[in-house]
Amino acid sequence: MQTNFQHKSVVITGGTSGIGRALAVAFLQAGAKVSVCGRREAALNALREEVNNPLLHTFVADVGRESDCKAFIDSVLEKYGGIDILINNAGVSMRALFRDVEVDVLKTLMDINFWGTVYCTKFALPSITANKGTIAGVSSIAGYRGLPGRTGYSASKFAMQGFLETLRTENLHTGVNVMWVCPGFTSSNIRNTALDQTGHSQKETPLDESRLMSAEEVAQHTLKAIARRKRTVVLTIQGKLTVLLSHVIPRWADQLVFNHFRKEPGSPL
Ligand SMILES: NC(=O)c1ccc[n+]([C@@H]2O[C@H](COP(=O)([O-])OP(=O)(O)OC[C@H]3O[C@@H](n4cnc5c(N)ncnc54)[C@H](O)[C@@H]3O)[C@@H](O)[C@H]2O)c1
């Protein structure tokens with residue numbers, strides 16, 4: 001890994017916790033120049049103190065805002081002179097049935113998960129093209145398969161994958177690799193910060209987070225996939241089976257997914 005990423009300029013959105021944070025640490029360990037954005041200065045300061053590495057650049061930006069994304073990418077170009085790898089990682093989830101949820105919750109998820117990806121990619125693309133680099137998205141099984149209680153989340157990840165797939169095809173002969181990674185359930189803040197029907201954080205997780213894949217494992221798989229210039233990576237067997245079943249026998253997939261989410265603690269199904 002060391003040889004692949006040494007001195008590369010790597011940009012990660014949403015890098016103060018979970019998978020984004022683990023990616024930042026892993027790329028720094030591999031000798032990359034890492035730029036991370038987050039919404040809160042205090043969380044970015046904590047990350048800087050913890051990793052204590054001069055190759056880490058942090059910037060306050062809400063990826064749901066186009067002007068923040070431009071300012072973030074401009075700051076990276078100014079500091080490091082270019083971008084080799086962009087990882088669109090920042091994300092928020094939800095848990096509420098569509099019949100109950102306020103439409104604004106879905107708009108918030110689209111703003112962050114989808115539009116944040118579009119904005120950052122738009123501003124970083126010229127430099128990544130010049131460097132024949134990589135544009136990556138941290139997607140989800142929810143980007144292949146609608147999951148109950150997650151209409152906005154699934155829609156945003158389907159949209160992200162459609163956007164990235166199109167971009168990959170447009171860039172087939174430019175030397176730019178466009179790819180996405182789909183982790184399975186991974187221990188992080190994503191379920192605690194998931195929005196409820198009125199747009200407030202749930203502040204609890206329905207899963208035993210200690211039994212899930214770690215963010216560090218996801219980061220290692222992601223570095224490997226980027227180094228090998230993969231197209232898409234689904235990280236778990238359960239995820240691969242869900243994707244396959246959804247294509248081959250979608251009616252079964254509907255029932256299996258329904259059964260799975262009905263058993264989730266607090267499920268309104
Ligand atoms: N944890 C899982 O089980 C899992 C599974 C599949 C996909 N994912 C995806 O992985 C990615 C990372 O999530 P995670 O699991 O590490 O959760 P997390 O909540 O720990 O990390 C999400 C990060 O995004 C940041 N973020 C949220 N909104 C933002 C905004 N508007 N602007 C800037 N930053 C913002 C958060 O501050 C945080 O640093 C997400 O895109 C998520 O959809 C997670």
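**Figure legends: helix packing and the ligand shell**

**Figure 1. Packing of helices H4 and H5.** H4 crosses H5 with right-handed geometry. In this predicted model, H4 spans residues 66–80, and its axis lies 9 Å from that of H5 at an angle of about 30°. That angle makes H4 roughly parallel to H5, because angles under 35 degrees are assigned to that class.

**Figure 2. Packing of helices H5 and H6.** Helix H5 covers residues 103–130 and helix H6 covers residues 151–170. Their axes come within 8 Å of each other and cross at roughly 20°. H5 and H6 are therefore roughly parallel to each other. The handedness of this crossing is right-handed. As in the preceding view, two values are given, since a pair of packed helices is described by the angle between the axes and the distance between them.

**Figure 3. Residues around the ligand.** The ligand is surrounded by 28 residues, of which Gly14, Gly18, Gly91, Ser188 and Asn189 are the closest. Helix H2 (18–29) and strand E2 (33–38) are the elements that contribute two or more residues to this shell. The most is given by H2, with 3 residues.

Figure 4. Sorted by class, the shell around the ligand comprises 15 polar, 11 nonpolar and 2 charged residues.

Figure 5. An unreviewed UniProt entry places the feature "domain: Ketoreductase" at residues 8–188. Within this span, 48% is helix and 17% is strand.

**Figure 6. Confidence of the predicted model.** The average pLDDT of the chain is 96, and 99% of the residues score at least 70. For the model, ipTM is 0.99 and pTM is 0.97.

Terms used: Residues numbered from 1 in each chain as written. Predicted model: local features only at pLDDT ≥ 70, side-chain atom pairs only at ≥ 80, totals over all residues. Near = placed C-beta within 6 Å. Helix = DSSP H or I, 4+ residues; strand = E, 2+ residues; numbered from the N terminus. Nonpolar A, V, L, I, M, F, W, Y, C, P; charged D, E, K, R; others polar. UniProt positions renumbered as here; feature names shortened; annotations may be inferred. pLDDT = per-residue confidence, 0-100. Axes fitted to C-alpha atoms, helices over the stretch in contact; angles between N-to-C directions. Parallel < 35°, antiparallel > 145°, perpendicular 65-115°, else oblique. Left-handed = near helix turned anticlockwise from the far one by under 90°.
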